[in-house]
Amino acid sequence: MTSNDKYVHDKNALIIILVAAALFLMFTIQPYNISWIKLVSIGLIAASVVVWLVSNSSLRRTIKYVLVVVSIFAISFSAVEGYMLHNMGYPPTFDSSQPNDIPFYTDEFNVSLTELVQSAKSTPAFRLLMLEYPGEISIENIVLMDNSVGLSFYFVSANVHVSISSNTFSGKPYQASVSGWGKSSFAQMYPRQQTHAKDLEQIDNLGLQWYYDHAIEAYQNKTGVAPEIDSVSVSIQAHTPPEYQGLQLGIFGSCMHKDNGYKSVFYANFHPNGTIIDIKCFNQ
């Protein structure tokens, strides 16, 4: 093998390694996040490899440059996207100056849900997701539990679900994951009569403390005794007809038992306007 042949061989090997690294990273960093940007990159790499294998030497040199450029872009994009989705920024600072009688919690229940959603949507990472999956975005659920925040969004046109979470107690930033290609969503099956922004506004106007107080009142009316509560979680979820179309708010109360850990006490479900749907009471 001449020195020139060895140089060409080594150069081709480096290109193959670069292409393999690009494909590996695109399918391993956020593996379910197959956006149009990744699909175009994969398509260009696949087409270039095919042309490279069947073309003559003059065209092959041009295709090599295309492969190098596209592979470097794919590697860079995958790495930057992966970092951004795992470091999305932080939830808003909760207002601890407001009165709060909810056990176990201090600041979380004073947050505005509208502000909470907007804090996630305004991050550079979320704007990148909006570029990858343009079109309508729907809220699927919001969860406040054990000093942590969880949000789930549905990108309607792409049929993709994005989950975002943060542990506020440990000061960790939002982290996002993409999933659910081909999985149907309430937002896709049923057009909304009232926007989720309006639902969240109604909840914020009443405040989570208001829902908790009315859940306790409903429990007492049903059982005749006051519940013993050590921990509370909140879940705001999208629901479908015929029962209800839009967001519903659930308050889940539990208490600590020495031998069995936390034990369920009640689960109360509300419409955003404060109308209680039902309450389930459990033996303490």
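**Ground rules**

I am working with a predicted model, in which local features need pLDDT of at least 70 and side-chain atom pairs count only at pLDDT 80 or more, while totals for chains, interfaces and linings use all residues. I number residues from 1 along each chain as its sequence is written, and the side-chain values use heavy atoms, with hydrogens and water left out.

**Entry 1: the salt bridge**

I began with charged pairs. Side chains of opposite charge can pair when their charged atoms come close. My rule for a salt bridge is a side-chain nitrogen of Lys or Arg within 4 Å of a carboxyl oxygen of Asp or Glu. How many salt bridges does this rule give? The count is one.

The partners are lysine 38 and glutamate 81, and their closest N and O atoms are 3.2 Å apart. This pair links distant parts of the chain, since lysine 38 sits in helix H2 (residues 36-54) and glutamate 81 in helix H3 (residues 57-86), 43 residues apart. I take helices (H or I, at least four residues) and strands (E, at least two) as DSSP runs, numbered from the N terminus.

Are lysine 38 and glutamate 81 buried or exposed? Both of them are buried. For these words I use relative accessible area: buried is under 20%, exposed is over 50%, and partly exposed is in between (1.4 Å probe, protein chains only).

Phenylalanine 27 is partly exposed, because its relative accessible area is 44%.

The axes of H2 and H3 come within 9 Å and cross at roughly 155°. That angle makes H2 roughly antiparallel to H3. The axes are lines fitted to C-alpha atoms, for helices over the stretch in contact, and the angles run from 0 to 180 degrees between N-to-C directions. Angles under 35 degrees count as roughly parallel, over 145 as roughly antiparallel, 65 to 115 as roughly perpendicular, and the rest as oblique.

H2 and H3 have a left-handed crossing. A crossing is left-handed if the near helix is turned anticlockwise from the far one by less than a right angle, and right-handed if clockwise. I sorted the residues of the H2 contact with H3 by class and found 15 nonpolar, four polar and four charged. Here Ala, Val, Leu, Ile, Met, Phe, Trp, Tyr, Cys and Pro count as nonpolar, Asp, Glu, Lys and Arg as charged, and the others, Gly among them, as polar.

H3 also meets helix H5 (residues 124-132), where the axes come within 8 Å and cross at roughly 130°. H3 and H5 are therefore oblique to each other. Their crossing is left-handed.

**Entry 2: helix H8**

I then tested the length of helix H8 (residues 208-223). At 1.5 Å a residue, its 16 residues should span 22 Å, and the end C-alpha atoms are 23 Å apart, which agrees. The expected span is 1.5 Å times one less than the number of residues.

Which residues of H8 are buried? They are Leu208, Gln209, Tyr211, Tyr212, Ala215, Ile216, Ala218 and Tyr219. Glutamine 220, also in H8, is partly exposed, with a relative accessible area of 33%. Glutamine 220 and cysteine 281 are 61 residues apart in sequence, with their C-alpha atoms 9.8 Å apart. After H8 comes glycine 224, whose phi is positive, near 85°.

Glutamine 30 has a phi of about 50° although it is not a glycine. I found glutamine 30 in the loop between helix H1 (3-28) and H2, and it is buried, with a relative accessible area of 10%.

Asparagine 159 is not a glycine either, yet its phi is positive at about 55°. Its place is in the loop between strand E2 (148-155) and strand E3 (160-167). Asparagine 159 is buried, with a relative accessible area of 13%.
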